[in-house]
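Me: I'm new to this one and would like to learn how to read it. Could you walk me through it, one feature at a time?

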Amino acid sequence: KEFIEGLSILGGEPLHPRNLDASTKLAKIFKEKYPNKTIWVWSGYLFEDYLKDKEISNYIDVLVDGRFEIDKKDLNLKWCGSSNQRVIDIKKTRKNGKIILYEEEEY
């Protein structure tokens with residue numbers, strides 16, 4: 001339906017090695033069928049340490065990365081729960097070769 005903006009993929013841990021293939025297949029099929037909708041993924045893994053070379057990063061629009069840390073909990077943050085987490089614009093990050101944080105008005 002048109003009012004649905006996209007797909008959110010999250011916890012347990014969708015990018016754990018045991019889940020990565022299934023998450024990648026889901027993201028790929030969704031993006032092929034709905035190329036104008038966004039895919040958001042929440043993961044405890046860091047983009048540059050684990051995800052930047054994985055196939056799934058070809059399909060993700062926004063990645064919230066980093067483990068939730070209770071001592072850094074911040075209820076004022078959008079889309080994440082602790083201040084160590086980042087909300088990354090994956091397409092811009094891949095294009096620029098450096099981490100580009102997501103800005104809401106772009107999508």
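Me: Let's start with strands. In which sense do β3 and strand β4 pair, and over how many bridges?

Reply: Keep in mind that this is a predicted model. β3 and strand β4 (residues 86-89) pair in the antiparallel sense, over 4 bridges. To see it residue by residue, find V62, which stands opposite D89 in β4.

Me: And which way do strand β2 and β3 run?

Reply: Those run parallel, with 4 bridges joining strand β2 (residues 38-43) to β3. Here you can look for W42, which stands opposite V64 in β3. β1 and β2 run parallel too, again joined by 4 bridges. In that pairing, S8 has W40 in β2 as its bridge partner.

Me: So what order do the strands take in the sheet?

Reply: Follow the pairings across and you get β1-β2-β3-β4, an open sheet of 4 strands with mixed pairing. The edge strands are β1 (6-9) and β4, each pairing on one side only. From one strand to the next, the twist averages 15 degrees.

Me: What about the faces of strand β3, which side chains are buried there?

Reply: For a strand, check each side in turn. In strand β3 (residues 62-65), V62 and V64 sit on one side, L63 and D65 on the other, and all of them are buried, so both faces are covered.

Me: Where does helix α1 lie?

Reply: Helix α1 (residues 17-33) lies across β1 and β2. Its direction is at about 175 degrees to that of β1.

Me: Could you place that in the whole chain? How many helices and strands does the chain have?

Reply: There are 3 helices and 4 strands. Read from the N terminus, the elements go β-α-β-α-β-β-α.

Me: Now aromatic rings. What describes a pair of them?

Reply: Two things: the distance of the centres and the angle of the planes. In this model the count comes to 6 aromatic pairs. Take W40 and W79: their ring centres are 5.4 Å apart and the planes are at 55 degrees, so that pair is tilted. W40 lies in strand β2 and W79 in the loop between β3 and β4, so the pair ties together parts that are 39 residues apart in sequence.

Me: Which residues do ring pairs link into a cluster?

Reply: W40, W42, W79 and Y102.

Me: Which residue lies over the face of Y50?

Reply: That's K54, at 4.6 Å from the ring centre.

Notes
Residues are numbered from 1 along each chain as its sequence is written. This is a predicted model: local features need pLDDT of at least 70, side-chain atom pairs count only at pLDDT 80 or more; totals for chains, interfaces and linings use all residues. Side-chain values use heavy atoms; hydrogens and water are left out. Buried means under 20% relative accessible area, exposed over 50%, partly exposed in between (1.4 Å probe, protein chains only). Helices (H or I, at least four residues) and strands (E, at least two) are DSSP runs, numbered from the N terminus. Two strands pair if DSSP finds at least two bridges between them. Axes are lines fitted to C-alpha atoms, for helices over the stretch in contact, and angles run from 0 to 180 degrees between N-to-C directions. Contact means heavy atoms within 4.5 Å. Rings of Phe, Tyr and Trp (its six-membered ring) pair if their centres lie within 6.5 Å; planes under 30 degrees apart count as stacked, over 60 as edge-to-face and the rest as tilted. A charge sits over a ring if NZ of Lys or CZ of Arg is within 6 Å of the ring centre and within 35 degrees of the ring normal.
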